[in-house]
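Dear colleague,

Please find the structure below, handed over for your files. My notes on what was found in it follow directly after.

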Amino acid sequence: ARLAREEAFLPAVAEVAEQLTALEPRAWSLPELDGRLARTLARRLGIDPPASATVDRAVGDTGAAAPFLGAFGALDTAGTVAVIGHGDGRTTGVLLHLDGPVPGAARLTTLLAGGTPVHYPAVLRARGQLTPAGEPVPMGVPPGSAMHQRGAVEVLGLLGARCGECGTIATPPSTHPTCPGCGGTKLETVPLARTGAVHTFVVNRTMPPPFEAPLPLVVVDLDDGARLMVQAVGDGGDLRIGARVRLVLRRYAAERGAPVYGYKAVVEEAR
């Protein structure tokens, strides 16, 4: 970040700005990297605070759009406005000469202040770049293969493989031909404990079909020593590391009209 500021951004933008200062612009609109560099550059050049600074305070980082949004707010008075853009290793300066105020330019600050905060996925949907997929993405279940059916027994039966040498329990059994703890091959299929504690968790805010967000995933240290990753019931708001949970059988998704089941973690109330 420091290299980008000191060796790329500031020298390049400053060089263009110094050439434009001879034309005595009435207002400036400069690019941004972190919400502060435009004002820092203005102080170094001895020019007025850039109009783009108001945009950053109003709506945050707007990337390459910052100098243009800032310029709009400076078009409310006759005179010259300097606009500098920076990106892809290039810096460009443009002078706008105004014989009079541009109608509506003064309203920009008001419009920005009255905006509605949105998440990035909402912006992509508004642009038409993120659209519903329609049919769920085929995920191979059901009917699935013989390997899937064997795996379904392990999942629905909540089974693990206990090592006869060191006692380590691996899950699921079919993916561990040897013990991950000691490398032993004497493995016994055993039912897993239904209770444990949260080791860690994450809440997914975007998920592909047929799953729906928010979708919390939990890594649980079961009371028998096994470690298992499962979904959690709810939106994840009650999860915390160390919380006691129990595993319950729930529907994970509907795949091509058929339900897919698995175990989910439910936070137990403190006693």
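Glu-24 is found in the loop between H1 and S1, where helices (H or I, at least four residues) and strands (E, at least two) are DSSP runs, numbered from the N terminus. Please note that this is a predicted model, in which local features need pLDDT of at least 70 and side-chain atom pairs count only at pLDDT 80 or more, while totals for chains, interfaces and linings use all residues. Residues are numbered from 1 along each chain as its sequence is written, and side-chain values use heavy atoms, with hydrogens and water left out.

The phi of Glu-24 is positive, near 50 degrees, in a residue other than glycine. With 65% relative accessibility, Glu-24 counts as exposed; the classes are buried (under 20% relative accessible area), exposed (over 50%) and partly exposed (in between), with a 1.4 Å probe and protein chains only. Leu-158 also has a positive phi near 50 degrees, and its place is in the loop between helix H7 (146-157) and strand S4 (159-163). Leu-158, however, counts as buried, at 4% relative accessibility. As background, most residues other than glycine have a negative phi, and most peptide bonds are trans.

One runs from Thr-171 to Pro-172, with omega near -15 degrees, and Pro-172 lies in the loop between strand S5 (169-170) and strand S6 (187-191). Another runs from Ala-213 to Pro-214, with omega near -5 degrees; Pro-214 is in the loop between strand S7 (195-204) and S8.

Turning to helix H2 (residues 37-45), its buried residues are Leu-37, Ala-38, Leu-41 and Ala-42. Viewed down the axis of H2, they fall within an arc of 140 degrees, so they line one face of the helix; the arc is that of the directions from the helix axis to the C-beta atoms. Their cover includes helix H1 (2-21) and helix H3 (52-59), contact meaning heavy atoms within 4.5 Å. Gly-46, with a positive phi near 70 degrees, follows H2.

An open sheet of 3 strands has the order S1-S2-S3, with mixed pairing; two strands pair if DSSP finds at least two bridges between them. Strand S1 (27-29) and strand S3 (90-98) are at the edges with a single partner strand each, so one side of each is left without a neighbour in the sheet. Strand S2 (residues 79-87) pairs with S3 in the antiparallel sense over 9 bridges, and Thr-80 stands opposite His-97 in S3.

The largest nonpolar core has 18 residues, and those with the most contacts inside it are Leu-192, Val-220, Leu-222, Leu-228 and Leu-247. Such a core is a set of buried Ala, Val, Leu, Ile, Met, Phe, Trp, Tyr and Cys residues joined through side-chain atoms within 4.5 Å. At least two of its residues come from each of strand S8 (215-222), strand S9 (227-232), strand S10 (244-255) and strand S11 (258-267). A second, separate core of 16 residues includes Val-16, Leu-20, Trp-28 and Leu-30.

Finally, S8 and S9 pair in the antiparallel sense over 5 bridges, with Met-229 in S9 as the bridge partner of Val-219. The two strands form a hairpin with 4 residues between them, and Gly-225 in the turn has a positive phi of about 100 degrees.

With kind regards
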